[in-house]
Amino acid sequence: MASKRVHLTRIALAVLVIAPLALVGFYMWALWNPGDTVSRLPVAIVDTDTGADLDGTRLTAGADVTAALLDGGDVHWQQVGLDEAREGVEDGRYYFSVVIPEDFSRDIASAASGQGRKARLEVVYNDHNSLVATPVGESVMAQVRSAVSETIGEQSVDQVLLGLGDVGKGLSDAATGARLLNDGTGEALAGTTELAAGSAELATGLDQAHAGSVELADGTGQLAAGAGEAVAGSNELADGLGQLVAGTDQLGAGATQISEAIDTVVGPLVDAVVAAGLPVADDDLVGQLRQLREGAKQIAHELSDPNAEYRGGLEAAAAGAATLHTGLGQLADGANQVDAGARELSTGLGQLDAGGGQLRDGLGQLKDGVGQLDAGSAELATGLADGAQQVPRFTDAERATTAGVMSAPVTVTATNIEPAVGFGPGVIPALASVVLFLVGILTWFVVRPPRGPHERRHESIVREGLRRYRVPAAVTVVAALLMSVLSVTVANAEPPSALALFVVLLLVGAAAVATARLFTVVFGPVNGTFVGLGALMIQVFAFGAVFPIEQMPAPLRWLHALMPLTYARNAIRMSLVGYWGPRFWLAIAVLVVLVVGSVALTLWWRGRHRVDPDPDPDPDPDPDPVTERFPVPSY
């Protein structure tokens, strides 16, 4: 007995020393430098930002932030839609999600209004996914917020705001200039309107003048032709008058001779009659002779004396005809020149008429252009005035406040849909699965199945083996019921069905009891217990409820899908949120197979190694206190 006591004492000391050291060593190995593995964590990012217009520039801050996060690789960002992100955080595909809201860019742009708002990043955590993932996510989001905020320094933002004030002043000055320009274009429009009207009248007058010049050219042509004919007629007239003068000279000479002959014949007779004192009447012969003599003298005088009216007039006519001929020649030359000038005038007025039409059309276009310029300058003046009013003009205090907002423009709004802090509902999947497996392991270490004379030696191995599960099964029912009550009352969990949650917890407890029984049967009660505890410790690191499986070493990641605790935790968390999809039923199926398989293997193993014990005829009268307190069950 003393040797047995020493043996148990050594075992106890070994467990007390080796187990903590093994746990600490395993913990250090599993979480060695976890910062290098944060980038493996799948995290959803959703960009719903609709953008904003800032000073005529399109601002898409959400897209810029998303691109920066995807390039940064702090975690394994996955850009998805809003619904997929929400569902992914709920069912565990993503450890948390970051949503860039619709008004993200508008909030950033609001700083220019003097009443700036911090842009929000909405983060959704779920402690059902991992108890450690939320603190890791908070650390990551602190870095993300810092990185986004530091893109704009407070000093540079302050300069930008000062620049905006200068822009506002410049826009005001420009608006004033645009108003003056609008006034000038209004006057120019009035002037060009009058000028266009005058050019239209000028074009009409030039058209009429051109038509008159054409008629004038025709008239001067006729004048030149008539002048030529007049020159020819005057030449004939001068020649005729010259011939008439020559004939007159001949007539004068003849008339003089006739006058002298009459005077010689008639003169003495008349003189004698007169001298005789005879009466002389105009109608008698003497009177008629005297008239003949006087008439012959008068004819001779008129035809030969230049001073006579006829002869003087004839010579004057001849001289006038010559002068007329000369003048008409000059007139013909002038008429020809006038005709040439009139034709040149007609050609020039034709060109001027065409130019007047072009001037009229050009001034019409100029009037339209000036009208558009006037309208545009009015719009410019209005737009500049409106723009000057829209550009902020901050006071020093407003500028400092706005610069402070823009220097840290982003704030993080965090929501944990299943928090674990303060024994919240987020802790239930991890805690319940681990506690139920721990209860299952310790049950077989503490509870001793009946043995000795109470053992039914001739009972079948199946019935005898199943009978040994009665007490652990009762303990499992109590533990599952207790965890259900604690989940609903203390942790404030709100499962869609409390009965479904209890059934799942009961199945998890059954799996724990079945696997722990298999360990104690195969390895013995003490060794099997420690094997079960060691396996539980490995599962705590590999089932993903406490530590994100992506941060674990490769061997533990490989074991994740083989760990019973993985499916126990999945079944519990899905029953808490009412997810009854394929993953839930896969977890249920694995747990059922685990229960049935572990029980079947236990019965097979006990049947293979069964030895019918003989009744102990001489029980130990002085049992060892250690073995009595911790009896070694008969397995």
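**Helix 10 and its surroundings**

Guide: Helix 10 has 19 residues, and from its first C-alpha to its last it reaches 25 Å, close to the 27 Å expected at 1.5 Å a residue. Keep in mind that this is a predicted model.

Start with the inside. The buried residues of helix 10 are Ile428, Pro429, Ala430, Ala432, Ser433, Leu436, Phe437, Gly440, Ile441, Thr443 and Trp444. Look at the numbering of that list. An α-helix has 3.6 residues a turn, so residues three or four places apart point the same way. Ser433, Leu436, Phe437, Gly440, Ile441 and Trp444 are among the buried residues of the helix.

What covers these buried residues? The cover includes helix 12, helix 13, helix 14 (525-542) and helix 16 (564-577).

Now the outside. Leu438, Leu442 and Val446 form a nonpolar patch on the surface. Together they have about 240 Å² of accessible area. Val446 lies in helix 10, which runs over residues 428-446. Its relative accessible area is 59%, over the 50% cut-off, so Val446 counts as exposed.

Next, take helix 12, one of the covering elements. Helix 12 spans residues 470-489, and Ser487 is found in it. Is Ser487 buried or exposed? Ser487 has a relative accessible area of 0%, so it is buried. Setting aside residues up to four places away in sequence, Ser487 touches Ile428, Asn492, Ala493 and Leu501. Ile428 is one of the buried residues of helix 10.

At 5% relative accessibility, Thr476 counts as buried. Which residues does Thr476 touch, not counting those up to four places away in sequence? They are Leu506, Gly509, Ala510 and Val513.

The largest nonpolar core has 79 residues. Those with the most contacts inside it are Trp77, Phe104, Met141 and Ile572. Helix 13 (residues 498-523) gives the most to this core, with 10 residues. Helix 13 is also part of the cover over helix 10. A second, separate core has seven residues, including Ala44, Ala85, Val89 and Tyr94.

Phe104 is then in contact with Asp49, Ala61, Gly62, Val65, Ala119, Arg120, Leu121 and Val410.

Arg120 brings us to charged pairs. Side chains of opposite charge can pair when their charged atoms come close. Asp103 forms a salt bridge with Arg120, and their closest N and O atoms are 3.3 Å apart. This pair links distant parts of the chain, 17 residues apart. Asp103 sits in the loop between strand 5 (96-100) and helix 4 (104-109), while Arg120 is in strand 6 (residues 119-125). Asp103 is partly exposed, with a relative accessible area of 21%. Arg120 counts as partly exposed too, at 25% relative accessibility. Glu122 joins in: Asp103, Arg120 and Glu122 are linked in a network of salt bridges.

How many salt bridges does the structure hold? It holds five. Another of them joins the side chains of Arg93 and Asp91, at 3.1 Å from N to O. Arg93 is partly exposed, with a relative accessible area of 38%. Asp91 is buried, at 16%. Arg58 forms a salt bridge with Asp53, with the closest N and O atoms 3.1 Å apart. Here Arg58 counts as partly exposed, at 49% relative accessibility. Asp53 counts as exposed, at 56%.

Helix 17 has 27 residues and reaches 38 Å from its first C-alpha to its last, close to the 39 Å expected at 1.5 Å a residue. Its buried residues include Phe584, Ala587, Ile588, Leu591, Leu594 and Val595.

Finally, step back to the whole chain. The protein chain has 18 helices and seven strands. Of its 635 residues, 38% count as buried. The chain exposes about 33,600 Å², and carbon and sulfur atoms supply 62% of that area. Now take contacts between residues at least 6 apart in sequence. Among these, 79% join residues at least 24 apart.

Technical notes
Residues numbered from 1 in each chain as written. Predicted model: local features only at pLDDT ≥ 70, side-chain atom pairs only at ≥ 80, totals over all residues. Heavy atoms only, no water. Helix = DSSP H or I, 4+ residues; strand = E, 2+ residues; numbered from the N terminus. Buried < 20%, exposed > 50% of the residue type's maximum accessible area, 1.4 Å probe, protein only. Contact = heavy atoms within 4.5 Å. Areas by Shrake-Rupley, 256 points an atom, 1.4 Å probe, with all protein chains shown as cover. Patch = residues over 30% accessible without salt bridge, like charges linked within 9 Å, V, L, I, M, F, W, Y side chains within 5 Å. Salt bridge = Lys/Arg side-chain N within 4 Å of Asp/Glu carboxyl O. Expected span 1.5 Å × (residues − 1). Core = buried A, V, L, I, M, F, W, Y, C linked by side-chain atoms within 4.5 Å.
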